[in-house]
Amino acid sequence: MITVAGQRLPRHGVWMGAIWLVLTAISVPLIVFVLGPHLPPGRMTAEASDQTSANIVLTALLFPLLLLVVVVFSYSLVAFRQTGAAVEDGPPLRGHGPTQATWLVFTGVTVIALAVWGSYTLVQTARGAGGGQGPSPTDLPKGHQTRMQIQVLGQQWEWTFRYPTLGDFETRQLALPVNRVTEFHVTSLDITHSFWAYGLGVKADAVPGVDNIAFVTPKRTGKFTVRCAELCGLWHGHMYRTGYVMSQSDFMSWASQQKAADAANVHDLPPYSRTYFPKPQHRAG
Amino acid sequence: MPVEATATDQRPLWQGVVGFNLLTGLLLGIGGFFLGAWIGGQIAVGHDYLLGTDQNDVGLFMGYLFGTIGWLAGLGFFNYPLGRMAGRPASLRHHEFGGVGRYFRLCTDHKVVGIQYFFGVGIFFFIGGLNAMLMRTELLRPTEHAWSAGNYITLVGLHGTMMIMMTSAFIVGPFANFLLPLMIGARRLAFPRIEALTFWLTPLAGLVLMSAIARGGFATGWTGYAPLADEARAGQDAYIYAFIIIGISLTLLGVNLLATVITMRAPGLTWSRLPIFVWAVLSTSILMALAAPVLVAAMLMSVMDRAANSGYYIASQGGSPYLYENLFWFFGHPEVYILALPGFGIVLEILPVFARKPLWGYRLAVAGMLGVTLLSFMVWQHHLFVSGMNSSLRPFYMFTTELISIPTGFIFLNGMGTLWRGRIRFTVPMLFALAFFFNFLIGGLSGVFLSDVPSDVTTHGSYFVMAHFHYTIMGGLVFAFFAATYYWLPKMLGVVLNERLARIHFWLMFIFFNLTFFPLFAAGFIGMPRRVSTYAPGLQGLNDFVSAFAFVLGFSMLIFLANLVYSLVFARIPAEENPWQSKGLEWQVPTPVPVMNFERIPVVNTTPYEYGVEGAPPVATLAPGAVAAAGS
């Protein structure tokens, strides 16, 4: 393919550009249409959907960059390799102003565009993107006025969920209604955990003494997994649970069931609070 | 007191063993530990809040403190200051023997310290790698089978902590200590005794860290997040104390190298003629001197929380877990550039030699390194995007984090420009340097996902992060380390390394590194959190493949070890003075390097990259007649 290498003034730049263009033209549609639908975390909620779109855009944008560097390197290694044992010096090129300036502008524009796009999607379209925003969130999703609150309590090594607006019951199952904004209040009873509802596209650290708020707007019913994403000791990997997005009517009947099941325990619960300040358990493991 | 520098290899064996050396350091260190633990126990008597737990943290910390003093006394670090106080004359290198013995004691020759670092951090690198093999064994099955949950999480913590602690000095330890004075035409580092101290603190930190195993391990990983660290068992004290020791060591190393580069360059070595590796060491040193003290401060507060029941990080006592997270990552993110920058320097030093061209875009490379140095202090909160930090700050940290890819991109342009129309020879160091670019490219681009907040909500805390930083640290730093090893070891040890074994090592390591870590991006995307011993059953196939590849990757390290032992102990083929026909100053001195490096301080004429330049002068005049020798 690269027989031009022996000629006096081979057009290496043109060849590299052509190879890169062809590979990019093949790979970008494959990324968007074949790989894209499989990129996480899916389309179950508005937030997850925004994250999936971000992942597709980033992959489709960064892969050509990867190709560019790989093509230039590989081409150079083939075209400029030294055969034979003799050690021969190359031309003493020390730099090329226009190339350096072009590269600087190219990477600069790419990076600034990425940052602007990332900030725009975070604040305007994704509205916080399902991440924990601390006690006073600034990026509120559409329809948050009619939100439902769920308190997520992390402790070694279990998640519990408290529904303060539906009669203040506490349960070890997580369910939320579809097409309604849910406001998670994530906090911890002992040490730092991280509430990761994978299919919902929600991740928020559970920090003792902090009310970490994250929003989610489910668009479809179905199952999702809940995990812990911050190392919390021996059984960190066991903080595993399945949650459900239900239709409004299913959710209401589930809630009343849970409330009835919890009725015996509900008077043992501490009064509802945004945060709890348990005394530290020394040397628990 | 040991005898003066006249001693030779003919001394009887007992004289080599008795005296101020590693063995005495170990014995006094262990003795000091028990003395300190006893004193600490006496202090804690009667204080309920100190004895409210099933162990005595005061005793442990006092034990480690006294053990450190014993270790340093046994190695002879107090002889010189005490001798000066008693009126003895000042002397440099006053008890440095020839032979193998000097590698096991306090030695202020920068070349000896370089070799000590090479083998010292190398041993811990292999132990850390072994931990990774044991972890991959557990991950062969989705349920707990090989190790208990406590042992597994201790392995995770030991692997991470040991690798971070040791690889921080992985390149600046062996190669900067040995080569930097040669490259800048000096005879020593600015502070030779501090140089020896920085090394001897490193194995101490490793040994203290491993003592955690005897104390029930620790469950916090390498990050040691409070308040988990406050709850953890006694092994946590070992982690905290080891990090304090290594933090002090890194700070001192950074200050020492900074002072050396700034003040001890040979005449004629202007800033624009400085080898690019020296620029990399300079920027790394800035990071070490400024970031490591923050780690020490964070750890000291952890000590107070554990031993004296203070509440810096305890919410119920008025403290905040965020304080630890911010302090830790204010160190932690510059730290990852402490790991990356020396790699940039190594590959840009090696590429011109084997492309036979000057380094392309020298000023851009320097700007890139200094830009990374500056920006690395402004990005740390991207580790905390979902922690509950002030949400309106997130776009700012997204911006600074993505900004850092501009100076990093310079290094890639330097690489491409240097290869352009070169005469490329695929020697083993060159292969490792090229692999660095490939791996670091994937590592760097995957980092963009983590800097974008919507994408980071998915990937944070998952195997995606783990794959990302293994691509940058193992694919970057460790490949650069092996490039440097195959390139400079002939000069450092005076023997040729077997090339066939080296090539097998490279191809096995490169292929199986990528096979091991690339699938882990997918594991993270599918939803596998980091640091778990049990995972979703559906991920077993992926994990089994990764484990199998990881074992081959581990095996490739044994090939390197075999090569080292074979070449160093059995074959012992003397290395040429300049086997790569490099123009670098460090290659113009004899092999093995004489004790004083240069007969006279050389006068530098030009950059070390004058390949293909007609009538270029030699990089330096080694025996300048008219110019008087400067420096010590």
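Reader: What percentage of the 285 residues in chain A is buried?

Author: This is a predicted model. A residue counts as buried if 20 or more other C-beta atoms lie within 10 Å of its own. Among the 285 residues of chain A, the buried share is 39%.

Reader: Which element gives the largest share of the side of chain B that touches chain A?

Author: The contact takes 87 residues from chain A and 82 residues from chain B. On the side of chain B, these residues divide into 42 nonpolar, 27 polar and 13 charged. Elements giving two or more residues include α7 (149-167), α13 (321-355) and α17 (428-451) of chain B. The largest share, eight residues, comes from α16(B).

Reader: Is α6(B) roughly parallel or roughly antiparallel to α8(B)?

Author: Helix α6 (residues 110-138) of chain B packs with helix α8 (residues 172-183) of chain B at an angle of about 165 degrees, their axes being 7 Å apart. Angles over 145 degrees count as roughly antiparallel. Therefore the relation of α6(B) to α8(B) is roughly antiparallel.

Reader: How many residues of the contact of α6(B) with α8(B) are nonpolar?

Author: On α6(B) the contact includes Y117(B), F118(B) and V121(B), and on α8(B) it includes F178(B) and P181(B). Of the residues in this contact, one is charged, four are polar and the nonpolar ones number seven.

How values were computed. Residues numbered from 1 in each chain as written. Chains lettered and ligands numbered in written order. Predicted model: local features only at pLDDT ≥ 70, side-chain atom pairs only at ≥ 80, totals over all residues. Contact = placed C-beta atoms within 7 Å. Helix = DSSP H or I, 4+ residues; strand = E, 2+ residues; numbered from the N terminus. Nonpolar A, V, L, I, M, F, W, Y, C, P; charged D, E, K, R; others polar. Axes fitted to C-alpha atoms, helices over the stretch in contact; angles between N-to-C directions. Parallel < 35°, antiparallel > 145°, perpendicular 65-115°, else oblique. Buried ≥ 20, exposed ≤ 12 C-beta atoms within 10 Å, placed from the backbone.
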